[in-house]
Amino acid sequence: MENLQTEKLSVGYSKEVIIQNITFKIKSGKILTIIGPNGSGKSTILKTLTHQLKPIDGKVSVLEQDMHRLKNSQIAKCISMVTTERIHPECMTCRDVVSTGRYPYTGKLGILTPEDWQEVDSAMKMVHAESVANKDFNRISDGQRQRIMLARAICQDTPIIILDEPTSFLDMHYKLDILKTIWHLARNKNKSIIMALHELDLVKAISDTIICVNDSHIVKAGSPNEIFSGNFIQQLYGLEDNEFDPSTGTLFLRLNDYHMQHKA
């Protein structure tokens, strides 16, 4: 069974289409990554998949149900999301912020049970955030905030997790640590992971399927081997062939070539 599926989906703002004819599906235990140049519409797709934006056309199905027919409370039990948008909760510790991931299960009063708090602490442990549990969320670093928001999504315990640039603000150690956690959630917790990511070497390493967006549509979709072959990535991002190695996902900074071109 596909956890999430789109059919001829068009997304955008105020009836202005940004990307059209988006069709894909993802099963549990798999990681689907969306790549493309800045402004190509990756975040718009993710916001539509999480019901923050209404589709302009087409359909999104969640657990074989039309998302349009689901209540927000039902969607919150199916999909959790991590974004790069900053939140500014008043007088909340990091543990408090993570605990809001349990609200879809608490009823109208929002009272957490001891079992809920166990889920909160387990999620924080998974992202190695125990040391900031009792700190004011507004007084931690951007990288720590990103890990807290991932913990929030984990303890929401949904079959689908959607992440918009989950490695933003993170140093190299925590980039790898977060992606290992994401891989663990897919493979060992059987979650469906959909994310947008800029680091192409990490995209190549972690993805099962890659969707490439540009010029208002999906220009290519496939496995990492299919996407990182030939000079497709260079064409997608407007790079010279010698500025990127598709076999490793490595960028090369050709300063001498740049100097010679501008000297001429």
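This is a predicted model: local features need pLDDT of at least 70, side-chain atom pairs count only at pLDDT 80 or more; totals for chains, interfaces and linings use all residues.

Me: Which residues have the most contacts inside the largest nonpolar core?

Reply: The general idea is that nonpolar side chains tend to be buried together in soluble globular proteins. Here the largest nonpolar core has 46 residues, and Ile35, Met124, Ile148 and Ile182 are those with the most contacts inside it. Helix H5 supplies the largest share of this core, seven residues. Another core lies apart from it, with 26 residues that include Leu9, Cys78, Met81 and Val213.

Me: At what angle do H5 and H6 pack, and how far apart are their axes?

Reply: In general, two packed helices are described by the angle between their axes and the distance between the axes. In this model, H5 (residues 142–156) and H6 (residues 172–187) pack at about 5 degrees, and their axes are 12 Å apart. Angles under 35 degrees count as roughly parallel, and H5 and H6 are therefore roughly parallel to each other.

Me: Which residues of H5 and H6 meet?

Reply: From H5 come Arg147, Leu150 and Ile154, which meet Tyr174, Ile178, Thr181 and Leu185 of H6. By class, this contact of H5 with H6 has five nonpolar residues, one polar and one charged.

Me: Turning to the backbone, which residues other than glycine have a positive phi?

Reply: Two cases may be examined. Histidine 51, which is not a glycine, has a positive phi of about 70 degrees. Histidine 51 sits in the loop between helix H1 (42–49) and strand S4 (57–62). Serine 216, also a residue other than glycine, has a positive phi near 75 degrees. The loop that holds serine 216 runs between strand S9 (209–214) and strand S10 (217–222).

Me: Are histidine 51 and serine 216 buried or partly exposed?

Reply: The relative accessible area of histidine 51 is 27%, and histidine 51 is partly exposed. Serine 216, at 35% relative accessibility, likewise counts as partly exposed.

Me: Finally, what is the mean pLDDT of the chain, and where is the pLDDT below 50?

Reply: The chain has a mean pLDDT of 93, with 97% of its residues reaching 70 or more. Over residues 259–264, however, the pLDDT is below 50, and this stretch has zero contacts in the model beyond near neighbours in sequence.

Conventions:
Residues are numbered from 1 along each chain as its sequence is written. Side-chain values use heavy atoms; hydrogens and water are left out. Axes are lines fitted to C-alpha atoms, for helices over the stretch in contact, and angles run from 0 to 180 degrees between N-to-C directions. Helices (H or I, at least four residues) and strands (E, at least two) are DSSP runs, numbered from the N terminus. Angles under 35 degrees count as roughly parallel, over 145 as roughly antiparallel, 65 to 115 as roughly perpendicular and the rest as oblique. Contact means heavy atoms within 4.5 Å. Ala, Val, Leu, Ile, Met, Phe, Trp, Tyr, Cys and Pro count as nonpolar, Asp, Glu, Lys and Arg as charged, and the others, Gly among them, as polar. pLDDT is the predictor's confidence in each residue, from 0 to 100. A nonpolar core is a set of buried Ala, Val, Leu, Ile, Met, Phe, Trp, Tyr and Cys residues joined through side-chain atoms within 4.5 Å. Buried means under 20% relative accessible area, exposed over 50%, partly exposed in between (1.4 Å probe, protein chains only).
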